[in-house]
Amino acid sequence: MFDSKLTAVGFGFFIPFFFVYSGMKLQISALFESSSGLAKLAIFLLLFLIVRGVPALLLYRKVLDRSERLALAFFQSTQLPLVLAITTIAVAGGHMRESTAAALVGPRYCRRCCIR
């Protein structure tokens with residue numbers, strides 16, 4: 001019983017707090033400081049779509065229609081929680097530049113613009 005309550009507090013408070021804090025600390029302006037930042041954004045968006053989106057298009061072709069598969073591919077191609085956690089730790093440890101972190105997290109925001 002205690003374990004389920006502890007899990008609920010963790011997922012209900014601490015994990016969302018981490019993502020809000022990490023998102024606020026993300027330096028989106030670092031994307032525009034050099035031309036390589038925008039190039040990285042485009043490359044990472046394309047790679048996310050290929051590596052995570054194309055399998056969704058192929059695996060669900062008999063289950064979902066075309067528009068649903070495209071939506072699934074976009075949603076699946078951006079794994080924000082994992083990417084945000086990794087980039088936050090890498091930037092804090094000095095192993096990744098802020099522009100690279102912003103470029104990795106940026107496809108999540110590009111996806112939101114494309115779907116609307």
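Mentor: For the classes, Ala, Val, Leu, Ile, Met, Phe, Trp, Tyr, Cys and Pro count as nonpolar, Asp, Glu, Lys and Arg as charged, and the others, Gly among them, as polar. Please keep in mind throughout that this is a predicted model.

Trainee: How many helices and strands are there in the protein chain?
Mentor: Read from the N terminus on, the elements run α-α-α-α-α. Of the 116 residues of the chain, 26% count as buried. The count for the protein chain is therefore 0 strands and 5 helices.

Trainee: Which element gives the most to the lining of the largest pocket?
Mentor: The largest pocket has a volume of about 200 Å³, and the elements that give two or more residues to its lining are helix H1 (2-25), helix H4 (80-92) and helix H5 (98-115). Among the lining residues are Leu-84, Thr-87, Thr-88, Val-91 and Ala-92. With 5 residues, the element that gives the most is H4.

Trainee: How do the residues of that lining divide into nonpolar, polar and charged?
Mentor: The lining includes Lys-25 and Glu-98, and by the classes above Lys and Glu count as charged. Ser-22, Gln-27, Thr-87 and Thr-88 also line the pocket. The division is 2 charged, 4 polar and 6 nonpolar.

Trainee: What accessible area do the residues of the nonpolar surface patch have together?
Mentor: The patch is formed by Val-9, Phe-13, Phe-14, Phe-17 and Tyr-21, and Phe-14 has its place in helix H1. Tyr-21 is also one of the residues lining the largest pocket. Together, the patch residues have an accessible area of about 550 Å².

How values were computed: Residues are numbered from 1 along each chain as its sequence is written. This is a predicted model: local features need pLDDT of at least 70, side-chain atom pairs count only at pLDDT 80 or more; totals for chains, interfaces and linings use all residues. Side-chain values use heavy atoms; hydrogens and water are left out. On a 1 Å grid over the protein atoms alone, a cavity is a set of points where a 1.4 Å probe fits but cannot get out, and a pocket is an open set with protein on both sides within 12 Å along at least five of seven lines; lining residues have an atom within 4 Å of a point. Grid points are joined across faces, edges and corners, and a volume is the space filled by probe spheres set on the points. Helices (H or I, at least four residues) and strands (E, at least two) are DSSP runs, numbered from the N terminus. Patches are made of residues with over 30% relative accessible area and no salt bridge: like charges are joined within 9 Å, nonpolar side chains (Val, Leu, Ile, Met, Phe, Trp, Tyr) within 5 Å. Accessible areas come from the Shrake-Rupley method with a 1.4 Å probe; for residues, only the protein chains shown count as cover. A salt bridge is a side-chain nitrogen of Lys or Arg within 4 Å of a carboxyl oxygen of Asp or Glu. Buried means under 20% relative accessible area, exposed over 50%, partly exposed in between (1.4 Å probe, protein chains only).
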